Amino acid sequence: MKLKNSKDGFGYDLDKALKEGNIFERVFHSYRIFPWLNRVDYSGKKVLDVGCNTGILLIPLLEKGVDITGVDISRSDIAKAKKKLREKNLPIERAVVADAKKLPFDSNTFDMIILSDILEHVSQPDLVAKEALRVVKPKGSILATVPNETHPVVKFTWLRKALTGRKNVDEYPDIPYNLEKLVKLFPGVEIVKCKLAGLWVQLFCVFKKTSKQSR
């Protein structure tokens, strides 16, 4: 994740927007994270949340008993996540400062990788995808969401500003996707599912790493 004229880092507290934003932000983020919290089977899986921000998914999934670790390149976001984890008596080591393009984990470590609205905000999404494929186990899953390029809230900055009340929505990069572009990031995988999601704002794909890719 990257901001203009700065190092990588989204620069926006998504968990705070979920809890303290205007009505649009609270509804939007609640709807966006609902499937991750309620429709994904994490049973017996070791999970990595790449680009965890301040813990919008990491913390509620830990509270559900999921074996999950979150990484983000932003030290300030991870510091906020650790503070929240500490307040909830959850293990702070589950929030880790790390570059998604060079993850500090051995190959074939995780059963599932979550890429929730991260690929559009990184300068080299191909490297992020490559790293996700490296650290996921053979037959493990990569679940990715990205903004759908045809959605008006994604296409028009003025509309996003009006709906969110934010003065600055100029995260950089912030690149919408079509299905072809997303699938190309993960060559050789088994495509389990690809569809529109989140009131058509997002594309959602589930990729499975093949045994051949672990060689």
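This briefing looks at aromatic rings and their partners in the structure above. The model is predicted, so local features need pLDDT of at least 70 and side-chain atom pairs count only at pLDDT 80 or more, while totals for chains, interfaces and linings use all residues. Residues are numbered from 1 along each chain as its sequence is written, and side-chain values use heavy atoms, with hydrogens and water left out.

**Ring pairs**

- Three aromatic pairs turn up in a search of the whole structure; rings of Phe, Tyr and Trp (its six-membered ring) pair if their centres lie within 6.5 Å, and planes under 30 degrees apart count as stacked, over 60 as edge-to-face and the rest as tilted.
- One of them is edge-to-face, because the ring centres of Trp36 and Phe204 are 6.1 Å apart and their planes stand at 90°.
- Trp36 belongs to helix H2 (residues 23-38) and Phe204 to strand S7 (residues 202-208), so this pair ties together parts 168 residues apart in sequence. Helices (H or I, at least four residues) and strands (E, at least two) are DSSP runs, numbered from the N terminus.
- Trp36 is buried, at 3% relative accessible area, and Phe204 is buried at 13%; buried means under 20% relative accessible area (1.4 Å probe, protein chains only).
- Phe186 and Phe207 are stacked, because their ring centres are 4.5 Å apart and their planes are at 25°.

**Charges over rings**

- Lys46 lies over the face of Phe110, 5.5 Å from the ring centre; a charge sits over a ring if NZ of Lys or CZ of Arg is within 6 Å of the ring centre and within 35 degrees of the ring normal.
- Lys181 lies over the face of Tyr177, at 4.6 Å from the ring centre.

Notes: Buried < 20%, exposed > 50% of the residue type's maximum accessible area, 1.4 Å probe, protein only.
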